[in-house]
Amino acid sequence: MSILFLFLDGVGLGADDPSSNPFALANLPHLSTLLGGQRLLARSAPLETESTTLLSLDACLGVAGLPQSATGQATLLTGRNIPAEIGYHYGPKPDSATAATLQDGGIFGAFSRAGRRAALINAYPDGYFHGIHSGRRLFSSIPLAVTNAGLSLRTAVDLCNGQAISADLTGDGWRERLGHAEIPLLTARQAGARLAGLSASLDFAFFEYWLTDYAGHHQDMSAALTLLEQFDAVLGGLLAAWDFDRDLILLTSDHGNLEDLSTRRHTANPVPLLLVGSPAARARFSSVVSLSGVAPAILSV
Ligand SMILES: [Zn+2]
């Protein structure tokens, strides 16, 4: 079987308030179908439909302050309560204490050591690698875990060859902002099909989507709605190509942000754990209540 981990940065379960929560307002037909007509809101969880389980996960982890990306992601990747271990939430990039917890590659390392095929399927532009090698740029927790596991990050060449996907899903950002006119522009549906196709060749595929956190920090409702509606169209393409009996889609986040545009900061809201696939695989997650339960449940599947 294949597991596809869709990591959405900065997405919590918020209130049914269309003035501040784009999830209460956006037209998201594919997500709504999975959730039996419900929206991705705090009041919808827990929820079980024929294809889908929605759980609510604590992202604060018993540590004071608002959750942050580096420690939240490290918790998802290691199955350890990293904020409790180091004493604080930290981000967006890992400090030395957080980075040290990812030395064995977290869940990517576990898959690799078990002889399973795992990959981060995002493509990174050449400038990213130059920044890392020159020391101008630090890895965030996810690519740090991947490289510590001895796995390669995918490149512009992989993206051109259909062996990776851009952080914005369609390739539009690479063409418009990075000047990569050679990158094929995908429709949202094609991007979803690409996610499915890349997953099919792997035991564990991970996709990092950070535009959700970015949109949350910018508090722009109209931009947030456009983003979510595009993501939902990608989800439609993914689901159309997905084997629901065999494979598992897991969608979660590191902390809240986008679900409350009344604040520029992260939130203390729980985050969704959305599982789409066979009831037997989904049942392995039934006792997961916080970010630290996700990795062990994945490895048990
Ligand atoms: Zn953030």
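Mentor: Let us begin with Leu102, which is placed in the loop between helix H4 (96-100) and helix H5 (106-113). Helices (H or I, at least four residues) and strands (E, at least two) are DSSP runs, numbered from the N terminus. Residues are numbered from 1 along each chain as its sequence is written. The model is predicted: local features need pLDDT of at least 70, side-chain atom pairs count only at pLDDT 80 or more, and totals for chains, interfaces and linings use all residues.

Trainee: Is Leu102 buried or exposed?

Mentor: A residue is buried if 20 or more other C-beta atoms lie within 10 Å of its own, exposed if 12 or fewer, and partly exposed in between, with C-beta atoms placed from the backbone. Leu102 is buried because 26 other C-beta atoms lie within 10 Å.

Trainee: Which residues is Leu102 in contact with, leaving aside its neighbours within four places in sequence?

Mentor: Contact requires that the C-beta atoms of two residues, placed from the backbone, lie within 7 Å. Beyond those neighbours, Leu102 is in contact with Ala74, Leu77, Thr78, Ser141, Leu144, Ala145 and Asn148.

Trainee: How do the axes of helix H2 and helix H7 cross?

Mentor: Axes are lines fitted to C-alpha atoms, for helices over the stretch in contact, and angles run from 0 to 180 degrees between N-to-C directions. The axes of H2 (residues 69-78) and H7 (residues 141-148) come within 9 Å and cross at roughly 40 degrees. The two helices are therefore oblique to each other; angles under 35 degrees count as roughly parallel, over 145 as roughly antiparallel, 65 to 115 as roughly perpendicular and the rest as oblique. Ala70, Gln73, Ala74 and Leu77 in H2 meet Ser141, Ile142 and Ala145 in H7.

Trainee: What is the order of the strands in the open sheet?

Mentor: Strands of a sheet pair through backbone hydrogen bonds, either parallel or antiparallel. Here, two strands pair if DSSP finds at least two bridges between them. The seven strands of this open sheet follow the order S2-S3-S7-S6-S1-S5-S4, with mixed pairing.

Trainee: Which strands pair with S5?

Mentor: S4 and strand S5 (residues 204-209) are parallel over three bridges, with Ala118 opposite Phe204 and Leu120 opposite Phe206. Strand S1 (residues 3-8) also runs parallel to S5, through six bridges, and Leu4 faces Ala205 there. S5 is largely enclosed by the rest of the structure because five of its six residues are buried.

Trainee: Which way do the residues of S7 point?

Mentor: In a regular strand the side chains alternate between the two faces of the sheet. In S7 (residues 271-277), Val271, Leu273, Leu275 and Gly277 point one way, Pro272, Leu274 and Val276 the other, and all are buried. S7 pairs in the antiparallel sense with strand S3 (residues 52-57) over six bridges, and with strand S6 (residues 248-252) over four bridges, again antiparallel.

Trainee: Which residues touch the most other members of the largest nonpolar core?

Mentor: In soluble globular proteins, nonpolar side chains tend to be buried together. A nonpolar core is a set of buried Ala, Val, Leu, Ile, Met, Phe, Trp, Tyr and Cys residues joined through C-beta atoms within 7 Å. In the largest one, of 90 residues, they are Leu6, Ile121, Ile165, Ala205, Phe207 and Leu250. Helix H12 (residues 221-240) supplies the largest share of this core, eight residues. The buried residues of H12 pack against helix H1 (29-34), helix H10 (188-200) and helix H11 (211-218).
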